[in-house]
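Here is a note for a colleague who is opening this structure for the first time.

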Amino acid sequence: MVRKTSPRMDEPREDAVEVGAPKTWAAGVPGVLHSMGPALRDMGVDRSRKTLLAMNQKDGFDCMSCAWPDPDQRKTFEFCENGAKAVTWEATPITVASNFWAEHSVNELRQKSEYWLGQQGRLTEPVYKPAGEDRYRPVSWDEAFSILAKKLNSLASADEAVFYTSGRTSNEAAFAYQLFVRAFGTNNLPDCSNMCHESTGWAMGETLGIGKSTISYDDFGKSDLIIIMGQNPGTNHPRMLTALEGAKNNGAAIVAVNPLPEAGLRRYKNPQEIKGIIGRGTDIADQFVQIRLGGDMALLQAVSKRVLEAEEANPGMVLDREFIEAHCEGLEELKAHLLRLDEDAVLQSTGLSVAEVDELTARYLKADRVIITWAMGLTQQKKGVAAIKEIVNLLLLRGNIGKPGAGASPIRGHSNVQGDRTMGIWEQMSPVFLDALEQEFGFNPPRKHGTDAVQTIQKMRQGFMKVFVAMGGNLVAAISDTHAAEAAMENLEMTVQISTKLNRSHTVVGQEALILPTVGRTEIDRQDSGEQFVSVEDTVCAVHPSWGQVEPVAPNLLSEVAIVSRLARATLGEKVNVDWAGFEKNYDVIRDHISHVVDGCEDYNQRIRQEGGFVMANGPRDSRTFHTATGKAMFTVNELEHVQCPPGRLILQTMRSHDQFNTTIYGHSDRYRGIKNGREVVFVNPADLLALGIADGQYVDIHGEYADNKERVLHNYRVVAYPSARGCAAAYYPEANVLVPLEFVAEGSNTPVSKHVVVRLEPVRVSQIVEGAGSGTSIPA
């Protein structure tokens, strides 16, 4: 029996923010308390036991809070603080009552914070907002599908509709979703990858022939050196700290490259080890390279240049000549390019000293097996694609691809964002994939590329899009240029959200709007053939099953697979020969089709039932084969571009707090950075504050400056003196998205550039502090 309680209705007070000293270590007993306290309070003992003890277990469910891989030997508590928060958020027995919709207009809901919306509880019934009205009202499932199918079939072109996907969607639901969308007639399949690791896919695809990690989980324990760039494991994927601790115990050195010092990369107290409870824990980073925002590419080029110079001084002793000659192309062009590298430009771009660059180089030269791992600190730079190509250059020089303990390791942030792409959720799937769809299902999928996330907002704004359907996610909050995105969404005829809980995208809607509630990953999924499981792919290409553990919060919920299948039947009728009813009845039917369509997923139903699932083939990792244009790994030449910052300005990055997952806000504290009860803060180096004449604790407006003659402003942010890199600042995502223009994207990948925002801080009068706090505007410059 699901326990229903009242949601917490309180909104945070930004004037109550408290600022303390940043922490110097992560996890430990406080991590356990912050995990178990909310779980027991919000879910109760039984629901907490059934969910938390089954999370990331071989016969349990996959955590939705990140894509970190699972070890073969798993501990009883194979979850982290953020995983526990994610489960508590989803598996809460609090539900949204039917009278909620009559009591709250859409406009009223729009004034609420992301936190408040999430706290209202699980959605349990389809609701519909007709054109000209300002309230949702409950409708039946049949009515909801009829409304949406009628709208889709009324469009002049299938390309007037767009179908978004978040990374929490399972492989089975993703495959069915992309099949429906392509059978409908469009490739408009943007997803959250467009905003996070798209730069990784383009860079690695061109240079290595695959846009995925070239290591396995066990490689961390075999490495001599792990270089962690542009990520904060302690908050975003805390279980990584256990792997890093194991690597340290095996003798590995670890280097952290980041503009901010992060507690988890300083010291880790493993709460499942005695030394993590009563001892000091483990010191993680042997070297902290506090880099200026946008300087990663310059640092990598400088290290590669020093490696090449070391080879010149000691011929045949530094480079892996055998590997390079057998498997690589482009070395001579790279050498010629790096010989011209301006050392002064490197130091200016990175904010580092020669000694710091030399120390990192010495560590790289000493190590035989090196892993370089990165996240959005690199991908969301203007030169993010080029920076990741420079990672590949550095690894290739000493053969650090395709051997134990070495490789390129992008860390995905969402639990199945990689699997969704494997299953066909991409606006630019290859002709090989589309040909396989055609052969399997007997229809000709559209071949014209669809729109990515940024292009989708642009086309909405221009009036080319009419209908937006989202399988999870919160695009209006996640995408850059918040006000432009909201105006674009309001320009639509219909918006549809397939969701477990309320978020901002349910309140910024088209003329008509639908919300379709779905079963969560934690919940038992019963269909006509019995209980179903789904599957996901983690960040190291391991595919494994996921079984829900607790009763759904309401009997009327449908799974994502069921929603897609019923929508397809209502929309397409007999247009394509697909057994949609069979999809819903038994997910094995979907997996059989996946076996025939998706490369590397042959015998899917059999392999997914092996203990722990299976690992997908990976040419660079498994056999040093590279499916590039030349059939070899490619050294590339990339022109260095210094991030310019005028006097009196700072370069700002957006980031998560410790109390959030993507756009989901669990609370308003960031204890590792010393922030309590507030999010509307901006972190600035004390020396920069002195130079700007701004005091710690003062309130400022943050102005983003761009060439489009608009200033984007965040009002009334409290300044926090913080040991960030000189010339750099940081503020929380998604609030700071208002500062990033929609057209400001990474070269090659079209990913929003959220780590390269030039801002100026303008002090505000005390009388202005409370009124309009945190609101963002776009005004003519």
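Which residues does R306 touch, not counting residues up to four places away in sequence?

1. R306 touches E343, V354, V357, D358 and T361, once residues up to four places away in sequence are left out; a contact here means heavy atoms within 4.5 Å. R306 is found in helix α12, which covers residues 296–313, where helices are DSSP runs of H or I with at least four residues and strands are runs of E with at least two, both numbered from the N terminus. At 12% relative accessibility R306 counts as buried, a word that stands for under 20% relative accessible area, with exposed meaning over 50% and partly exposed in between (1.4 Å probe, protein chains only). The side chain of R306 also makes a polar contact with the side chain of D358, at 2.7 Å; such a contact is a pair of N or O atoms within 3.5 Å, and within protein one must be able to donate a hydrogen and the other to accept it, while residues adjacent in sequence count only if both atoms are side-chain atoms.

2. Before going further, please keep in mind that this is a predicted model, in which local features need pLDDT of at least 70 and side-chain atom pairs count only at pLDDT 80 or more, whereas totals for chains, interfaces and linings use all residues. Residues are numbered from 1 along each chain as its sequence is written, and side-chain values use heavy atoms, with hydrogens and water left out.

3. S499 is found in strand β15, residues 494–499, and counts as buried at 5% relative accessibility. Its side chain makes a polar contact with the side chain of H506, at 2.9 Å. Leaving aside neighbours within four places in sequence, S499 is in contact with L123, H506, L516, P517 and T518.

4. A687 lies in helix α29, residues 686–692, and is partly exposed, with a relative accessible area of 30%. From A687 to S535 there are 152 residues in sequence and 50 Å in space, C-alpha to C-alpha.

5. Helix α21 (residues 453–462) has A453, V454, T456, I457, Q458 and M460 as its buried residues, and these pack against β5 (161–165), β14 (467–471), α22 (475–478) and α23 (482–490). At the start of α21, a side-chain oxygen of D452 comes to within 3.2 Å of the backbone nitrogen of V454, and the helix is followed by G463, whose phi is positive, near 90 degrees.

6. What has the most contacts inside the largest nonpolar core? F163 and F180 do, in a core of 67 residues, a nonpolar core being a set of buried Ala, Val, Leu, Ile, Met, Phe, Trp, Tyr and Cys residues joined through side-chain atoms within 4.5 Å. Helix α7 (residues 171–184) gives the most to this core, with ten residues. A second, separate core has 53 residues, including M204, L299, L341 and L397.

7. The largest pocket holds about 1200 Å³ of space and is lined by 35 residues, of which G209, I210, G211, K212 and S430 lie nearest its centre. On a 1 Å grid over the protein atoms alone, a pocket is an open set of points with protein on both sides within 12 Å along at least five of seven lines, a cavity is a set where a 1.4 Å probe fits but cannot get out, and lining residues have an atom within 4 Å of a point. Grid points are joined across faces, edges and corners, and a volume is the space filled by probe spheres set on the points. Helix α8 gives the most to this lining, with five residues. By class, the lining has 14 nonpolar, 15 polar and six charged residues, where Ala, Val, Leu, Ile, Met, Phe, Trp, Tyr, Cys and Pro count as nonpolar, Asp, Glu, Lys and Arg as charged, and the others, Gly among them, as polar.

8. E198 is found in helix α8 and is buried, with a relative accessible area of 4%. E198 touches S193, R421, W426, S749 and T751, not counting residues up to four places away in sequence.

9. The structure holds five cavities of 30 Å³ or more. The second largest cavity has about 220 Å³ of space, and of the 19 residues that line it, V519, G520, R521, D525 and V534 are the closest to its centre.
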